[in-house]
Amino acid sequence: MRTGLIVSAAVHLVLIGWGLITLAVAPLDASHIETLPVEFVEVAEVTDLDLGKESGEEAETPSPNDPADTVAEEPPPVPDTPGVDEPTPPPPPPPPSEAASAADAADAEAETPPALSEPEPLPEDAAEEPPPEPTPPQVASAPPSPRLRPDRPAPETLPAPESPEASDAFTEQIAALIDRTNTGTAQLASEAPATLGVATGSPDAKMTQSEIDALRSQIERCWVIPTGWTHPREVSVTIRFGLNIDGTVAGKPEVVEFPASQYGQVSADNAIRAVLQCGPYALPAEKYDQWAVVQLRFTPPG
Amino acid sequence: MKYAKPPARRIVRLCGMVIAAAAFAMAASAPRPANAVLELDITQGQIKPIPIAIPAFAALGGDAQIAADMTAVIANDLVRSGLFIPLDASRLPTPASTAVPSFAEWRGLDAQALVVGAVGREPDGRLRAEFRLWDVVAGQQLAGQQYFAGPESWRKVAHIIADAIYERLTGEKGYFNTQVVFVDESGPKDRRVKRLAVMDQDGANVRYLTEGDSLVLTPRFSPTSQYVAYMSYEGTDPSVYLLDVTTGQRRLVDRFPGMSLAPRFSPDGRRVVLSLERGGATNIYDYDLVTRQLRRLTDTAAIDVGASYSPDGAQIVFESDRGGSKQLYVMNADGSNPQRITFGEGSYGTPVWSPRGDLIAFTKQQGGSFSIGVIKPDGSGERILTTGFHNEGPTWSPNGRIIMFFRDQPGEGGPRLYTIDLTGYNQYQVATPGFASDPAWSPPVN
């Protein structure tokens with residue numbers, strides 16, 4: 001009786017939780033806004049003149065990230081840090097930005113849209129962006145972040161087992177499962193853009209809105225829409241192309257998506273013509289990694 | 001309690017697995033990190049004609065005149081569509097028809113497309129014409145064809161080439177290789193001779209189909225054949241005739257008692273819809289050309305005329321004064337559910353359903369002027385394309401992009417034919433030997 005109640009309650013909880021998450025995340029169809037990076041900088045970082053001063057005192061605090069610590073059998077507790085009774089965590093994963101770009105690189109390889117598989121690949125310099133500096137395996141084998149440890153269910157919350165060893169084994173199994181999945185979720189959540197805007201846009205973009213607008217208007221000047229194209233649905237087309245650092249188009253733009261209407265081929269040709277004709281594009285070279293690959297969706301006004 | 005412990009472990013394990021599975025599924029459905037691709041929406045562009053270079057076709061066998069004439073016909077077709085601006089031909093270099101053009105040179109002339117062609121004679125005397133359409137910006141060939149025909153068909157070949165270019169650059173079927181039947185008017189105003197005539201859509205190759213000994217009105221092309229239905233006053237009452245454009249043979253459709261008006265074919269070409277006047281009321285009927293069955297579609301005491309089928313044959317638009325003034329109505333093809341679609345000031349007449357099905361062209365009379373306009377079949381989106389002293393009788397090009405009509409201007413002595421595109425900006429007169437009215441566009445010619 002009690003067993004059934006517990007199982008029933010647990011399954012219901014899971015189902016409700018599942019429903020809340022999967023049903024409530026219907027994407028809001030808001031108008032597209034480019035993601036604008038906003039960075040908070042503490043004024044002290046700029047004004048603290050002691051920072052990096054040659055005459056400054058050498059700090060003797062050992063770095064928690066020192067790989068030597070992880071090798072140590074019995075890591076000595078950090079002297080001035082009270083309450084640390086766990087072994088020193090293994091080296092933390094690469095900084096979020098690196099991890100994100102590494103994941104990007106992995107995704108870019110794994111999730112190439114089917115439409116792109118058939119045409120010839122982008123030129124090398126474009127295809128290699130973003131630079132896959134941290135290799136994907138590093139991310140996969142990255143140790144769990146220390147701050148996730150509190151999530152581990154404490155043994156005392158479980159019903160008291162008759163055989164402590166057996167119970168511990170179960171607890172460890174479950175904890176291991178939960179740990180792995182939680183790690184993935186937390187990591188993904190931390191990489192999601194925390195600002196309003198297009199998730200697929202440029203979450204890390206350093207390009208300003210005016211730079212993006214300049215690029216857009218330059219292409220719009222060259223896009224000739226034949227009169228009579230009154231049905232945007234029938235002629236909307238998406239193309240992708242690489243840019244060289246001097247702003248010239250690298251190779252031939254690829255068609256990512258075009259309508260299955262009689263206008264499909266013509267729309268794609270027209271969009272490619274606009275991109276080729278309007279280059280080279282004056283874009284900031286120091287932000288090359290932001291615009292090395294551009295994807296444009298051409299939709300004429302309805 | 002004795003059995004509580006072992007099940008409790010199972011419960012824990014079970015719950016743990018369920019939670020783990022749920023968490024895994026949630027993780028799988030979590031948002032993925034974005035690619036480092038700059039994504040933009042382009043929603044504005046330049047709505048303007050495509051700049052196209054059409055240098056004179058090369059004359060392979062010394063037929064320089066035919067080569068120049070064909071080039072001119074192609075350029076004329078394209079410019080009159082309103083979708084192309086041919087560059088000034090006199091300032092263009094003459095590229096070799098067999099070599100890949102120097103794209104940088106053509107880009108420098110602001111051309112987006114380039115047509116390179118050649119005309120020659122085969123040993124058996126036939127004409128051989130070929131062309132290649134190049135995308136100057138992308139540096140690739142978009143189309144290339146070769147045609148063989150009798151030398152007298154050089155205009156037809158030129159229209160076919162223009163159609164191929166139009167289709168490849170706009171995605172729509174061309175309409176240049178088509179014909180127009182119209183009423184040719186000659187002689188002084190009080191003794192005007194009206195003859196049925198047919199010509200290419202650009203006004204060339206006029207042929208007369210009737211002698212001018214009787215009055216002819218409202219010719220209409222069959223959508224599926226080379227037949228024209230028209231009205232002719234021979235004897236006491238006007239009658240509906242069918243005429244084969246290629247052979248010139250004609251036959252009487254039927255003798256209907258009373259006045260019969262404005263016959264027009266159904267999309268399948270099997271029936272005509274027309275108006276018959278009986279007992280003071282004029283109603284719309286359809287007549288089966290095979291079974292010779294006449295069926296009444298409207299039943300009012302008003303005047304219902306000018307019926308025109310939708311391209312799917314399911315509906316009919318017509319004009320009626322049943323509401324007091326002449327307005328347009330749409331009903332099902334069996335005559336049921338008539339709905340008024342025009343509510344503007346003035347009176348509306350001569351409705352013609354577009355071959356695309358999206359618009360209905362009409363003549364509107366208001367305040368002493370006549371306008372040609374279009375409206376959606378649901379009555380929304382009315383637009384006037386041209387207005388003046390007297391504009392009337394719209395007819396659609398087979399691709400539904402151009403309207404031909406006739407215009408009578410004071411002081412000119414008679415009507416002339418004009419074409420206009422759906423923007424209303426590209427308007428051209430069609431050259432005819434004399435005055436002309438009541439144009440009707442043919443279906444695409446094979």
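Two residues are in contact when their C-beta atoms, placed from the backbone, lie within 7 Å. By that rule, B:Phe265 is in contact with B:Arg220, B:Ser222, B:Pro223, B:Ala229 and B:Val272, once its neighbours within four places in sequence are left aside. The structure is a predicted model, in which local features need pLDDT of at least 70 and side-chain atom pairs count only at pLDDT 80 or more, while totals for chains, interfaces and linings use all residues. Residues are numbered from 1 along each chain as its sequence is written, and chains are lettered from A and ligands numbered from 1 in the order in which they are written.

**Chain B as a whole**

- Chain B has four helices and 32 strands, where helices (H or I, at least four residues) and strands (E, at least two) are DSSP runs numbered from the N terminus.
- Of the 446 residues of chain B, 44% count as buried, a word used when 20 or more other C-beta atoms lie within 10 Å of a residue's own, with exposed meaning 12 or fewer, partly exposed meaning in between, and the C-beta atoms placed from the backbone.
- When contacts in chain B are taken between residues at least 6 apart in sequence, 43% of them join residues at least 24 apart.

- A nonpolar core is a set of buried Ala, Val, Leu, Ile, Met, Phe, Trp, Tyr and Cys residues joined through C-beta atoms within 7 Å, and the largest one holds 138 residues, of which B:Met70 and B:Ile161 touch the most other members.
- Helix 4 of chain B, covering residues 154-170, gives the most to this core, with 10 residues.
- Not counting residues up to four places away in sequence, B:Met70 touches B:Phe57, B:Val119, B:Ala129, B:Trp154 and B:Ala158.
- Helix 2 of chain B (residues 64-80) has 17 residues and reaches 24 Å from its first C-alpha to its last, close to the 24 Å expected at 1.5 Å a residue, where the expected span is 1.5 Å times one less than the number of residues.
- B:Met70 is one of the buried residues of helix 2 of chain B, which also include B:Ile66, B:Val73, B:Asp77 and B:Arg80.
- After helix 2 of chain B comes B:Gly82, whose phi is positive, near 85°.

- Strand 12 of chain B pairs with strand 13 (residues 227-233) of chain B in the antiparallel sense over five bridges, and the bridge partner of B:Arg220 in strand 13 is B:Ala229.
- B:Arg220 and B:Ala229 are both among the contacts of B:Phe265, which lies in strand 16 (residues 260-265) of chain B.
- B:Phe265 counts as buried because 24 C-beta neighbours lie inside 10 Å.

**A hairpin**

- Strand 30 (residues 415-421) and strand 31 (residues 427-430) of chain B pair in the antiparallel sense over four bridges, and B:Thr419 stands opposite B:Tyr428 in strand 31.
- These two strands of chain B form a hairpin with five residues between them, and B:Gly424 in the turn has a positive phi of about 85°.

**A loop residue**

- B:Asp321 lies in the loop between strand 21 (315-320) and strand 22 (327-332) of chain B, and is partly exposed because 16 other C-beta atoms lie within 10 Å.
- B:Asp321 touches B:Ala302, B:Ile303 and B:Lys326, not counting residues up to four places away in sequence.

**Backbone exceptions**

- Most residues other than glycine have a negative phi, and most peptide bonds are trans.
- B:Thr350, found in strand 24 (residues 347-353) of chain B, has a positive phi of about 45° although it is not a glycine.
- B:Asp438, in strand 32 (residues 435-441) of chain B, has a positive phi near 50°, and is buried, with 25 other C-beta atoms within 10 Å.
- In chain A, the peptide bond from A:Gly279 to A:Pro280 is cis, with omega near -5°.

Notes: Two strands pair if DSSP finds at least two bridges between them.
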